[in-house]
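Please look over the structure below before reading on. The paragraphs after it go through its parts in turn.

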Amino acid sequence: MTARDPLLRVSGIGKHYAQPVLADIDLTLMRGEVLALTGENGAGKSTLSKIIGGLVHPSTGDMQFEGRPYAPASRADAERLGVRMVMQELNLLPTLSIAENLFLDNLPSRGGWISRKRLREAATRAMAQVGLEALDPDTPVGELGIGHQQMVEIARNLIGDCHLLILDEPTAMLTAREVDLLFEQIARLRERGVAIVYISHRLEELAQVAQRVAVLRDGRLVAVEPMPENDSQHLVNLMVGRELGEHIDLGPRRIGAPLLSVRGLGRADKVRDVSFEVRSGEIFGISGLIGAGRTELLRLIYGADPADSGSLALGTPPREVRIASPADAVKQGIALITEDRKGEGLLLPHSISANIALGNLAELSRHGIIDHKAETALAQRQMDAMRIRCSGPGQAVGELSGGNQQKVVIGRWLERDCQVLLFDEPTRGIDVGAKFDIYALFGELTRQGKALVVVSSDLRELMLICDRIGVLSAGRLIDTFDRDDWSQDELLAAAFAGYNTRDALLSEPAAPTP
Ligand SMILES: Nc1ncnc2c1ncn2[C@@H]1O[C@H](COP(=O)(O)OP(=O)(O)OP(=O)(O)O)[C@@H](O)[C@H]1O
Ligand SMILES: [Mg+2]
C-alpha cells in the first residue's frame, strides 16, 4: 500500500443493541489527518470509536487497516496494531501512581522484579510529552485534579506504537493551557503520520484542530466534508438540523426579592469572604478560572464542606439558616447539581425512571410504597422536556451516551421542590442543541420564581443566559456585573485580577474530596 491509500477504511459498519444505534457507516481516514467526529448526544460517536478501538464488535460491515482486513477482537488486539483510544470516561486507577498507571500493561522489569528506577525514568519522559514534567511520577493519580488526570490518560495512549489515535471528548475537563498542550502534541503526531479521530462538542476546537469533519445524526453519517472555515453556523446546522441563534429568549419572567443571601462565606484559602444575593426568578452566573473556588463555593452553600466563616440566609425577609450537611440543604430547599456524573451517584445498572425517582421518593410513594405509574410518568416528563435519547424509561442509565446521562442527573433535580438551584457546569459534555433545551428549562425554573446559581467555564454561555455574573478570582468575589453592563474583556480581566499572572496559569483544582 502507498501513502495515498487510506490508513483505515470503514465499510457498511452498523451496530444494533435492542435498537439500531449505527447504520451504514462508510469512512476513510488518511495518515497524518485529523478527522473531527461530531453529532448530538447519543448520535453514535463513542460507539463508532469503540468499534474502531476494538471494544465493541460491529453487527454489520467490515474494516481495513493498513490495507489488511481489520476486525479487532479486543482493545488489546487493536493496540497491538497501533490503534489507541482515549475514552470519554477516565479509566485510571486512583490508588496507583502516575508512573504505574502509565505503564500498567507493560511494567519494566528485571528478572521478574519491577525496576522502579526505569519505571520512573520512562514515566518522566512520557509526562514531559504532555507538559506534566512538574509532577512527581510517584504521585497517586487520585490526588491529581481532574484536568491532570485527563492528561495522564492521554500520555498513556501516546506510549508505544501509535498509528491511529481516537480522542473521545479529550478536552471536556481541560483548561485553555492544557488544551494548547494537547494541540501541540496532536501537531507532532500528525507530522509522524499518525491519523487522529477527534470527538468534541466544542465547535471552535474542531475548526482549530481538524482538516475534515464527519457528522453523525441518529446513527448515520450525514456529512463528511472539509472543515468549513469560520462558519460555525454551518456546523451547528449539520449537527442538529436546525438553526440555533446567538441569542436566546428565556421568555417573560419577573425578578423579585432576594431568595438566597450569602454573607462573608469562607473556607481556608479556597473561598475568601464571599458575599452575594440571588433574587427569585434570577440567574446568577459565577465565572472564574479553574481553581478559582467556584465549585468550592457551591459546596459550601450546599453544606458538602464546612465553612470556616460566614452565614447563609433564605427568603424575604432573610431568615438565617444553618446548613451543616447536604441533607440540611435539601430540607431548606437548596439543590446542588454537580459536574461529576459518577460522583453524583447515578446508579448505572438501574433504569432512567429509577434514577430520576431517587431524588423524588417522597412525592412518588404512598404509605411507603412507590407508585410505579407515577414514577414512569415522571421519567417520561423529564425525558420529553430534555429530549433524553433512549429506548424508554426502563433503559439502564449505563447504556446511555455520556451527554444523556448528564441530562438524567439534571432531570432528577428539576422535579424537586427546591427554591434555590446550584448548577456546576450543567452543560459539560452536552451537545449544542441540548444546551439550548437546558437553557429553556432554566427559563422555566425562573418563571416558577426559583433562584439559579450557574457555574460555567464557558463565558459565552454565562453571557447568554445570566442576569448577573459574579467573577471569582483566587477565592474572592472580585466583581459582579449586570447584564447589558459587561464585556467579555472586563469579565476576563476580573478573572485574573486576584492572582499574579503566573499563579493563574498554573492553578489547578484540588482533587474533589470524596
Ligand atoms: N451497551 C449498550 N446497550 C444499549 N444501547 C447502547 C449501549 N451503548 C450505547 N447505546 C446506545 O447507543 C446510542 C449511541 O451512544 P453513543 O455513546 O455512541 O453516543 P455519543 O454520540 O457518543 O453521545 P455523547 O455525545 O453523549 O457522548 C445511544 O442511544 C445509546 O443509548
Ligand atoms: Mg460519547
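This is a predicted model: local features need pLDDT of at least 70, side-chain atom pairs count only at pLDDT 80 or more; totals for chains, interfaces and linings use all residues.

Residues are numbered from 1 along each chain as its sequence is written, chains are lettered from A and ligands numbered from 1 in the order in which they are written, and side-chain values use heavy atoms, with hydrogens and water left out.

Strands of a sheet pair through backbone hydrogen bonds, in either the parallel or the antiparallel sense. Here, two strands pair if DSSP finds at least two bridges between them. Helices (H or I, at least four residues) and strands (E, at least two) are DSSP runs, numbered from the N terminus.

One open sheet has six strands in the order S6-S9-S10-S3-S11-S12, with mixed pairing. Strand S6 (83-86) and strand S12 (220-226) each have a single partner strand, so one side of each is left without a neighbour in the sheet. Neighbouring strands of this sheet are turned by 15° against each other on average, direction ignored; axes are lines fitted to C-alpha atoms, for helices over the stretch in contact, and angles run from 0 to 180 degrees between N-to-C directions. S9 and strand S10 (residues 195-199) run parallel and are joined by five bridges. Leu167 stands opposite Tyr198 in S10.

H1 lies across strand S3 (34-39), S6, S9, S10 and strand S11 (212-217), at about 140° to S3. Helix H5 (residues 146-158) lies across S6 and S9 and runs at about 175° to S6.

A further open sheet, also of six strands, has the order S18-S21-S22-S15-S23-S24 and mixed pairing. Its edge strands are S18 (334-337) and S24 (476-482), each pairing on one side only. Strand S15 (residues 283-287) pairs with strand S23 (residues 468-473) in the parallel sense over four bridges, and Phe284 stands opposite Arg468 in S23. Helix H17 (residues 488-497) lies across S23 and S24, at about 30° to S23.

Now to the ligand. Of the 18 residues around ligand 1, those that come nearest are Gly42, Lys45, Thr47, Ser401 and Gly403; a residue is near a molecule or strand if one of its heavy atoms lies within 4 Å of it. Helix H1 (45-52) and helix H14 (402-414) each supply at least two residues of the shell, and H1 gives the most, with three residues. A polar side-chain atom of Thr47 lies 2.5 Å from an oxygen atom of ligand 1. A polar backbone atom of Gly42 is 2.8 Å from an oxygen atom of ligand 1.

Two local backbone features remain. A cis peptide bond, with omega about -10°, joins Thr316 and Pro317. Pro317 is in the loop between strand S16 (309-314) and strand S17 (319-321). Glu169 is not a glycine, yet it has a positive phi of about 50°. Glu169 is found in the loop between strand S9 (164-168) and helix H6 (176-191).

Notes: Contact means heavy atoms within 4.5 Å. A polar contact is a pair of N or O atoms within 3.5 Å; within protein, one must be able to donate a hydrogen and the other to accept it, and residues adjacent in sequence count only if both atoms are side-chain atoms.
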